[in-house]
Amino acid sequence: MTLIKILPDWFLPESQATSESVYLNRRRFLKKAGLGSLSIMGLLAGCQTPEEKQAMIKQKLLEERLKPFTASRNLSFTLDRPLTNEYSAAAYTNFYEFSADKEVWQYVKKFQPHPWTLEVSGLVAKPQKFAIEDLIAKMPIEERLYRHRCVEAWAMAVPWMGFPLKRLIDLVEPKANATHVKFTTFFKPEQARRQILQSEPWPYTEGLTMQEAINDLAFLAVGIYGHELPKQHGAPIRLVVPWKYGFKSIKSIVSIEFSDRKPATFWNTRIPEEYDFTANVNPNIPHPRWSQASERMLGTNERYATQIYNGYGDYVKSLY
């Protein structure tokens, strides 16, 4: 009787296994290279240890030469969890203009956030255009610790640096019939590779009601972790509305327009049955494809129960 042994699909003969010396040499090579070559990073991004990945991100942020920010922390905003590690937050981001996956940091090299102009227009008495440096100089920059909740059920806790959106609104003096605020990001297909896709409703847009926009929580961030925003976080200026799912917090804003009607927004236009205009965090309303009852923290994978309005109900529940 002949015994026939059927090997599983994952079986690898010893002759094909990577030798220990090759494995250790790869580690030595990475250490000696100082992770300075982005081409090397790209080749190895899919097979690195967590420690190697954090080193890659740290090196990438150093190469951006991010300007440091000094700001007092607003003690009105506290956290119920530890801050997310800076490099975990920078390694896992959504920025659809560059990539549909989370390793956006690998694809932003061509993006140029300076010089940058922000235009404010529409139903306002004083429409204005601001060079980003001039706008920052006009505003009292503060640090706020906010929870951030993605619609995909991951979360982070980060120290944003910036100013309340209302401070900018007060400068332009909206007219009485302004009911909504539309935010628009850049359109530069030569710098953001996914914007080449003509099937998408570029540029990315988002919107708030006027009452949401003047709420004290609504924040324009120009920095994070003590320095200006990295490209993957929405440099040089982004919206932060922590009681809503993260896709509402539009990145790299070039224009803010006041209107008397609800604006079309990117995801609400593209998949309205999954991404509604309001998009408040709510554990009791599941996404059509997953539960929203809990969230996974970046860096630690710790699970927390999702809170209504992401825990900011005292600030915003009267709006709804």
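M297 is buried, at a relative accessible area of 4% (buried, under 20%; exposed, over 50%; partly exposed in between; 1.4 Å probe, protein chains only). The model is a predicted one, in which local features need pLDDT of at least 70 and side-chain atom pairs count only at pLDDT 80 or more, whereas totals for chains, interfaces and linings use all residues. Residues are numbered from 1 along each chain as its sequence is written, and side-chain values use heavy atoms, with hydrogens and water left out.

M297 belongs to strand β12 (residues 294-297). Beyond its neighbours within four places in sequence, M297 is in contact (heavy atoms within 4.5 Å) with R81, T84, A155, M156, A157, E302 and Y304. R81 is 216 residues from M297 in sequence, with a C-alpha to C-alpha separation of 9.7 Å.

The protein has 9 helices and 13 strands (DSSP runs numbered from the N terminus: helices H or I, at least four residues; strands E, at least two). Of its 320 residues, 49% count as buried. Among contacts between residues at least 6 apart in sequence, 71% join residues at least 24 apart.

The largest nonpolar core holds 73 residues, of which W160, L168, I237 and F258 touch the most other members; such a core is a set of buried Ala, Val, Leu, Ile, Met, Phe, Trp, Tyr and Cys residues joined through side-chain atoms within 4.5 Å. Strand β5 (residues 154-164) contributes the largest share of this core, 6 residues. Another core, of 7 residues, lies apart from it and includes I57, L61, A90 and A91. Residues up to four places away in sequence not counted, L168 touches L118, V120, F130, L135, M139, F163, L220 and I256.

H180 lies in strand β6 (residues 180-185) and is buried because its relative accessibility is 14%. The side chains of H180 and T179 are joined by a polar contact of 2.9 Å (N or O atoms within 3.5 Å; within protein, one able to donate a hydrogen and the other to accept it, residues adjacent in sequence counting only if both atoms are side-chain atoms). Outside four places in sequence, the contacts of H180 include F258, R261 and F277.

The lining of the largest pocket divides into 14 nonpolar, 7 polar and 7 charged residues (nonpolar: Ala, Val, Leu, Ile, Met, Phe, Trp, Tyr, Cys and Pro; charged: Asp, Glu, Lys and Arg; polar: the others, Gly among them).
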